[in-house]
Amino acid sequence: MIEQMKTPSGMNRKSALAILIVCLSLVGFIGLLMGFNYRSQEALRKSTLMRFRLDSEKRAVALEYFFSERKYDLGSIAASKEIQSYFINKAMGMSEQYGLKVSLFVIGKVLEKTIQERVVQGDGIYARFLLVNREGKVLVDSAGAVEEQRLKIALHQPGVESGEPAIFFERTNEGVNILVIAPCFYGSRLGGFLISWLRIGTIFDHFVDSPPAVSSKGSALSLEDGGLICPPTNRECVSFRKRFPDLMAQERKEGLFSGTVALGDAPPQEFLLSSVPISKMPLSLVSWVQREEIQGAVTPSEMLLGAGFLAVFILLGAGLLLRYNTLNLLLTARFKQAEKQQNILGEKNRQLQDEIHRRQEAEGKLELQRTLRMRSDRLRSLGEMAAGIAHELNQPLVGVRGLAELLLLQMESGKAPPKEEISHKIDLIVRQADRMVHIINHVRLFARDAGNEKTSLVDLNDVVHSGVDLLRTQLGSQGLMLEEHLFSEYLPVQLNPFSVEEVILNLLSNARDALTERKDGETSTPRIQVNTWSEDGTDGKLAILQISDNGAGMTPEVAGKVFDPFYTTKAPDRGTGLGLSIAKSIVEGFGGKISIETKEGEGTHFTVAFPCSSQKDRNKNEQIDIVENPDCG
Amino acid sequence: MSRSISLKILIVDDEEIVRLTMTEQLHYLGYRANTAENGLLGIRELQEEDYDAVFVDIRMPVLDGMGFLRQAKELYPEIQVIVMTGHGSDETREEVLASGAFGFLKKPFRLAEIRTLLKRLETEKQFDGQPNT
């Protein structure tokens, strides 16, 4: 049992260890993957960030270059011979009507040509040129009129008069205009100013903001005062402009700052912003990108948290699996054990059934044997009886046949004997016939009433005498002396005389067998004694029958078993061992007792005691024979 | 054959009626007969008188027919013994004849059976005894 329990638990520990190792390695593998992922994510983030910044810086450089070109453009035009000619002619007092007008017309043509020629991928750079004199009076206007007041303000900006072209930002209601102003000198004298408005849209489309591949990305220009320049059509930029001052106030990290902005109607999102100053300009290029674009939707901490959860789940699962597995293994082991026990039980049951079957068969065989033995017993006793009857009948028949034949022969030959002799012989014949009738009647009665429990009040002496008579001749012919000492007085007993005769026959044949088994050295005459007498018992008088022999006797062991059914010491063809047990049951059936007294080598006494019947019992009985003295003794 | 031979015969049987009937039968056939009640008495009778033949029953008290046959043949080899029985079978007959009996007689028997047996016995005896007479 203990051994059987050990095996599954050992298996269990092994299996549990295996599962634990698998789970732990799974967790490790996932951690490793997470780590790699994290690192690659981090690298990606860094590279994206770098690209973002590089992109911004590149644009800033491009813008710087763009603005330098514009300055150069206007410087070149301002120093052009047409404008020089105009201011010189004017100073020389050339007629306004002819010469100057032509000059201005030519200048106008040059400016128009510039507007048309200076393009970026088809988009014009310049929106308008304006040539004004020192006083601010418009000399040439490429398109429409400009308010003088505002121009004055513009012209009074510092640096304009220093001689170098400069860029100015003009705030309007719609936003900001970008102007390039170049002073026009002739000789060393200032003649006027060449002013140009740049197309904000072109700048934004081609330099500030690349065509939006990703909507979450964008750029704008910011002035040093913190304002954001946006083209009116760029709604995204406009959205940023509103929040820009707040965003600029945020703490910067790695040159970046972040903030939450709602673009249009979309829900607020977190953005990363970079601000790259454009050199030689009071400008910065502001670029923004959704944080997700760079850092991904999941932050490293979130990822770690997720990994942690995953690990916990796996371990939990492993634990459950282990537990389940353990339980399962235990259950399996128990089930197997139960099955084994059931098998053992089944086997035992089968064996038991086989045993039962075997025993039943054996009992059946025994029963059959008993039946056969009883039958053979009966046949044997029948055979013995038949032999006895034949012998008994043949003796008188010798007389009947012999005497009758003799008489017949004598009479036929005419030598008839005297009448007395004839009478005597016939009398003998009749007596022998009577004897035969008696024998036949007895046998018939015996056959009819043997085993019948119908009782009658009889003299035990008569019963004993009849019984002994049946075997007398046979015993005598076997050389056994039969001594019969019957009680002189009436022994009334209530029983079936034929059953008791059977008992007597049995006891006598036992005695005969005991005598024939005697040792050869025995000298005394083989003798059977049959005695009857009366004695006082505890419940009244008893009629006693004793049959004794001086035969071989028995050991106490054998004596203790003689009344057991089927117990026999005789050879199989001699007896069945039923006789004495039948005798016992017959005797006890009539309220009697049978006992044995024996000593090895000395002989055996079988004693049968019947209770004596009283006068009262007699009245019940119909078959009353000659009863003179009904009491024992 | 002449009656003058007149065999002397002993009948050994415990049944009185058998002894009586056989005595009558033997007298009728012209033989002399004597009886004994059992084998032992039969042997004594043989010792006292000379007999030519003995009829002996098998079943008898004290000394039975077979015991008598053995003893009688031992003591008087020339005596002829005829064994009788009330319920003998063929086996008994064989056994009896093998033991040296002259004849076997099954009870009840007819007078003719006795006569035939004794005639045969007389013939054999006469033939055997001729050189002497």
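View 1. Helices here are DSSP runs of H or I with at least four residues, strands are E runs of at least two, and both are numbered from the N terminus. This is a predicted model: local features need pLDDT of at least 70, side-chain atom pairs count only at pLDDT 80 or more, and totals for chains, interfaces and linings use all residues. Residues are numbered from 1 along each chain as its sequence is written, while chains are lettered from A and ligands numbered from 1 in the order in which they are written.

**View 2. Helix α2 of chain A, residues 81-91, has A:I83, A:Y86 and A:F87 buried.** Buried means 20 or more other C-beta atoms within 10 Å of the residue's own; exposed means 12 or fewer, partly exposed lies in between, and C-beta atoms are placed from the backbone. Down the axis of α2(A), the buried residues fall within an arc of 85°, so they line one face of the helix. The arc is taken over directions from the helix axis to the C-beta atoms. An α-helix has 3.6 residues a turn, so residues three or four places apart point the same way.

**View 3. Helices α10 (460-477) and α11 (497-516) of chain A cross at roughly 40°, their axes coming within 8 Å.** Axes are lines fitted to C-alpha atoms, for helices over the stretch in contact; angles run from 0 to 180 degrees between N-to-C directions. On the α10(A) side, the contact includes A:V463, A:G467 and A:L471. On the α11(A) side, A:V500, A:I504 and A:R512 are among the residues involved. Contact requires C-beta atoms, placed from the backbone, within 7 Å. The contact residues divide into eleven nonpolar, two polar and two charged. Nonpolar covers Ala, Val, Leu, Ile, Met, Phe, Trp, Tyr, Cys and Pro; charged covers Asp, Glu, Lys and Arg; the others, Gly among them, are polar.

**View 4. Helix α11(A) is largely enclosed by the rest of the structure, because 17 of its 20 residues are buried.**

**View 5. Chains A and B meet through 22 residues from chain A and 22 residues from chain B.** On the chain A side, α8 (300-412), α9 (419-449) and α10 each give two or more residues. α8(A) gives the most, with 15 residues. The chain A side divides into eleven nonpolar, nine polar and two charged residues.

**View 6. B:P77 sits in the loop between α3 (65-75) and β4 (80-85) of chain B.** B:P77 counts as exposed because it has 8 C-beta neighbours inside 10 Å. B:G100 is 23 residues from B:P77 in sequence and 9.5 Å from B:P77 in space, C-alpha to C-alpha.

Key:
Contact = placed C-beta atoms within 7 Å.
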